[in-house]
Amino acid sequence: MRFAVTVGRKGSADLLTAAKEWAEHFGVTFIERPSKGSLEELRQQYELDAILVATADGPQIYNNEGTFFYHPGMAVLRLQRLKNNEHDHFAQALELREGMRVLDGTLGLAGDAAIASYLVGEKGKVVGVEASILLHFVVEKGLDVGFAYDGDADRCIAVDGNGEIVDGDKMLYI
């Protein structure tokens, strides 16, 4: 896959530094973002399959299908349900319990890996494998903290890297 790295339009000095570090990490070109023009024009000009963009919201992948960024999806709600001793089909199917070792061979957004990690605990281990280096990178950066919205999207729910959930109502007090 041919890709390069750039920074979002509202990129700070820190984002510019991060983008250059990412380009060096992957051994790809860092492209200065012109003041005008779209990511699609940049992608076509450099004949790229994708562009990794450093933004204030984390890394994003831009390709001919659109923009991809990390989001925890239903994992936050699934973790919340497990903490309330409710049922999870994935956990039941694998009979996950403390101390197990789990290999997630199609990591994707790491939702199932997050569930498995919570259930196997500190004595267990979860390893995720993802074929797409860009997807892996975006998810790895995104797993530091995750946000989701409740069913009617009027409250935010956060989960940290340890799987600890902070309900949106409680965040109002922080």
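Accessible areas here come from the Shrake-Rupley method with a 1.4 Å probe; for residues, only the protein chains shown count as cover. By that method, the protein chain has an accessible surface of about 11000 Å². Carbon and sulfur atoms hold 50% of that surface.

This is a predicted model, in which local features need pLDDT of at least 70, side-chain atom pairs count only at pLDDT 80 or more, and totals for chains, interfaces and linings use all residues. Residues are numbered from 1 along each chain as its sequence is written, and side-chain values use heavy atoms, with hydrogens and water left out.

**Overall build**

The protein chain has seven helices and nine strands. Helices (H or I, at least four residues) and strands (E, at least two) are DSSP runs, numbered from the N terminus. The chain has 174 residues, and 37% of them count as buried. Buried means under 20% relative accessible area, exposed means over 50%, and partly exposed lies in between (1.4 Å probe, protein chains only). Take the contacts (heavy atoms within 4.5 Å) in the chain with a separation of 6 or more: residues 24 or more positions apart account for 53% of them.

**The sheet**

Four strands form an open sheet. Their order is E1-E2-E3-E4, and the pairing is mixed. Two strands pair if DSSP finds at least two bridges between them. Strand E1 (3-7) and strand E4 (66-69) are the edges, each pairing on one side only. From one strand to the next, the twist averages 25°. E1 and strand E2 (residues 50-55) run parallel, joined by five bridges. Thr6 stands opposite Val53 in E2.

Helices pack on this sheet. Helix H1 (residues 13-26) touches E1, E2 and strand E3 (58-63), and its direction makes about 165° with that of E1. Helix H6 touches E1, E2, E3 and E4; its direction makes about 155° with that of E3. Axes are lines fitted to C-alpha atoms, for helices over the stretch in contact, and angles run from 0 to 180 degrees between N-to-C directions.

**Around Ile115**

Ile115 sits in helix H5 (residues 111-120). Ile115 counts as buried because its relative accessibility is 0%. Ala75 is 40 residues away along the chain, yet the two C-alpha atoms are separated by 6.9 Å. Leaving aside neighbours within four places in sequence, the contacts of Ile115 include Ala75, Arg78, Asp88 and Phe90.

**Salt bridges**

Side chains of opposite charge can pair when their charged atoms come close. A salt bridge is a side-chain nitrogen of Lys or Arg within 4 Å of a carboxyl oxygen of Asp or Glu. The whole structure has four salt bridges. Among them are these:

| Pair | N to O distance |
|---|---|
| Arg78 and Asp88 | 2.8 Å |
| Arg78 and Asp112 | 2.9 Å |
| Arg81 and Glu86 | 2.9 Å |

Salt bridges that share partners join Arg78, Asp88 and Asp112 into one network. Arg78 is buried, with a relative accessible area of 19%. Asp88 is also buried, at 8%, whereas Asp112 is partly exposed, at 31%. Arg78 lies in helix H3 and Asp112 in helix H5, so their pair ties together parts that are 34 residues apart in sequence.

**A surface patch**

Leu103, Val127 and Val129 make a nonpolar surface patch of about 250 Å². Patches are made of residues with over 30% relative accessible area and no salt bridge: like charges are joined within 9 Å, nonpolar side chains (Val, Leu, Ile, Met, Phe, Trp, Tyr) within 5 Å. Val129 lies in the loop between strand E6 (125-128) and helix H6 (133-142). Val129 counts as partly exposed, at 40% relative accessibility.
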